[in-house]
Amino acid sequence: MKETIRRLPDAELEVMQAIWACEPPVSRTDIEAIVEQTHPMAVTTLLTLLSRLVEKEFLSVAKEGRRSLYTPLVTRHDYLTSQSRRFIDKVCGGSLSAFASALCDSGLKEEELQQLRDLLERGQL
C-alpha cells in the first residue's frame, strides 16, 4: 500500500467503487452501467472523471481497438485503510476511543455493534 493515498472527491470515489465492483479490466460501459444506478452522469462527465483517476494514478488505461479498458492501481482495501487512518487522525484527533464512541453513537443497529464485538473478540479486526 502507498504510505498516503489522497482522498478522492465524491464523484471520483463513486467511479472507483464501480470499478472495484468489477473484474478488471473494466470498460466505460461497464462502469457506466453501475454508476447509473446510484449517481447518473453524462458520458462526458464519466470520461473526465476516468481521465482524472488515471492522472492521479488510481487507474491505468489500455486501448483495445477503440475501447479503453481501466484497471485499478489502488485497491479498495488500501484506499479504505488509508482513509480510515486519516479520518481517525484528522477528525478524532488520533483517538481510537473517540472514534469508537462516535461509531457506537452513530445509529448503528444492535446487530451491527454485536458483529463488531464478535470480529474484535475473534481477532479479525
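Ala11, Glu12, Val15, Met16 and Ile19 in H1 meet Leu46, Leu49, Leu50, Arg52 and Leu53 in H3. Contact here means heavy atoms within 4.5 Å. By class, this contact of H1 with H3 has 8 nonpolar, no polar and 2 charged residues. Ala, Val, Leu, Ile, Met, Phe, Trp, Tyr, Cys and Pro count as nonpolar; Asp, Glu, Lys and Arg count as charged; the others, Gly among them, count as polar.

The model is a predicted one: local features need pLDDT of at least 70, side-chain atom pairs count only at pLDDT 80 or more, and totals for chains, interfaces and linings use all residues. Residues are numbered from 1 along each chain as its sequence is written, and side-chain values use heavy atoms, with hydrogens and water left out. Helices (H or I, at least four residues) and strands (E, at least two) are DSSP runs, numbered from the N terminus.

How do the axes of H1 and H3 cross? They come within 10 Å and cross at roughly 85°. Axes are lines fitted to C-alpha atoms, for helices over the stretch in contact, and angles run from 0 to 180 degrees between N-to-C directions. H1 is therefore roughly perpendicular to H3. Angles under 35 degrees count as roughly parallel, over 145 as roughly antiparallel, 65 to 115 as roughly perpendicular and the rest as oblique.

Glu12 counts as buried because its relative accessibility is 3%. Buried means under 20% relative accessible area, exposed over 50%, and partly exposed in between (1.4 Å probe, protein chains only). Beyond its neighbours within four places in sequence, Glu12 is in contact with Leu49, Arg52, Leu53 and Lys56. With Lys56 there is a polar contact, side chain to side chain, at 2.7 Å. A polar contact is a pair of N or O atoms within 3.5 Å; within protein, one must be able to donate a hydrogen and the other to accept it, and residues adjacent in sequence count only if both atoms are side-chain atoms.

Turn now to H1 and H2. Their axes come within 9 Å and cross at roughly 125°. The two helices are therefore oblique to each other. Their crossing is right-handed. A crossing is left-handed if the near helix is turned anticlockwise from the far one by less than a right angle, and right-handed if clockwise. On the H1 side, Glu14, Val15, Ala18 and Ile19 take part; they meet Ile31, Ile34, Val35 and Thr38 in H2. The residues of this contact divide into 6 nonpolar, 1 polar and 1 charged.

The remaining pair is H2 and H3. The axes of helix H2 (residues 28-38) and H3 come within 11 Å and cross at roughly 110°. H2 is therefore roughly perpendicular to H3. This crossing, too, is right-handed. Arg28, Ile31 and Glu32 in H2 meet Val43, Leu46, Leu47 and Leu50 in H3. That contact has 5 nonpolar, no polar and 2 charged residues.

A cis peptide bond joins Pro24 and Pro25, with omega about -5°. Pro25 lies in the loop between H1 and strand E1 (26-27).

Val26 is found in strand E1. Is Val26 buried or exposed? Val26 is buried, because its relative accessible area is 1%. Not counting residues up to four places away in sequence, Val26 touches Ile19, Ile31, Ser68, Leu69 and Tyr70. Val26 and Leu13 are 13 residues apart in sequence and 16 Å apart in space, C-alpha to C-alpha.

Ser27 also has its place in strand E1. With a relative accessible area of 4%, Ser27 is buried. Its side chain makes a polar contact with the side chain of Thr29 (3.0 Å). Leaving aside neighbours within four places in sequence, Ser27 is in contact with Arg67, Ser68 and Leu69.

One backbone detail remains. Glu57 is found in the loop between helix H3 (43-55) and strand E2 (59-64). Phi of Glu57 is near 65°, a positive value in a residue other than glycine.
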